[in-house]
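User: I would like to know how some labels are applied in a structure. Please set each value against its rule.

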Amino acid sequence: MKLVLAIVSNDDSSSVSTALNKENFQVTRLATTGGFLRAGNTTLIIGCDDDRVDSCLEIIGREGKKRTEVVPSTASYDIGRYASFPVEVQVGGATVFVVDVEAFHKL
């Protein structure tokens, strides 16, 4: 058995968890915050059999797509002088950890 921890954007979390549920994966959602852009993320916890890990990863990759967004950025030119300009950043996608599970108990 494996434990899949998938960190996805809040924008993608509903579609990822819905698609996983449709394929009979049980998903627990945790609200998390990432350091990059201080944007909200969702960490999905999925327990699955070893032979279903590839299917799980395929669904996460399909539903949690990377995209480019323009976000405001500021730069300091001098003491107290700031300029704001847009910057393109890549958001979305998923960071996924797959770990072995020694024991699983549903109480």
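Analyst: What follows takes a few labels in turn. This is a predicted model, in which local features need pLDDT of at least 70, side-chain atom pairs count only at pLDDT 80 or more, and totals for chains, interfaces and linings use all residues. Residues are numbered from 1 along each chain as its sequence is written, and side-chain values use heavy atoms, with hydrogens and water left out.

User: Why is Ser17 called buried?

Analyst: Buried means under 20% relative accessible area, exposed over 50%, and partly exposed in between (1.4 Å probe, protein chains only). Ser17 has 5%, so Ser17 is buried.

User: Why is Asp100 called exposed?

Analyst: Its relative accessible area is 60%, so Asp100 is exposed.

User: Which residues are linked in a network of salt bridges?

Analyst: Glu58, Arg62 and Glu63 are. Glu58 and Arg62 meet at 3.1 Å, N to O, and Glu63 pairs with Arg62 at 3.3 Å.

User: Why does Glu58 count as partly exposed?

Analyst: Glu58 has 43% relative accessibility, so the middle class applies. Arg62, at 37%, is also partly exposed, and Glu63 is partly exposed with 25%.

Terms used. Salt bridge = Lys/Arg side-chain N within 4 Å of Asp/Glu carboxyl O.
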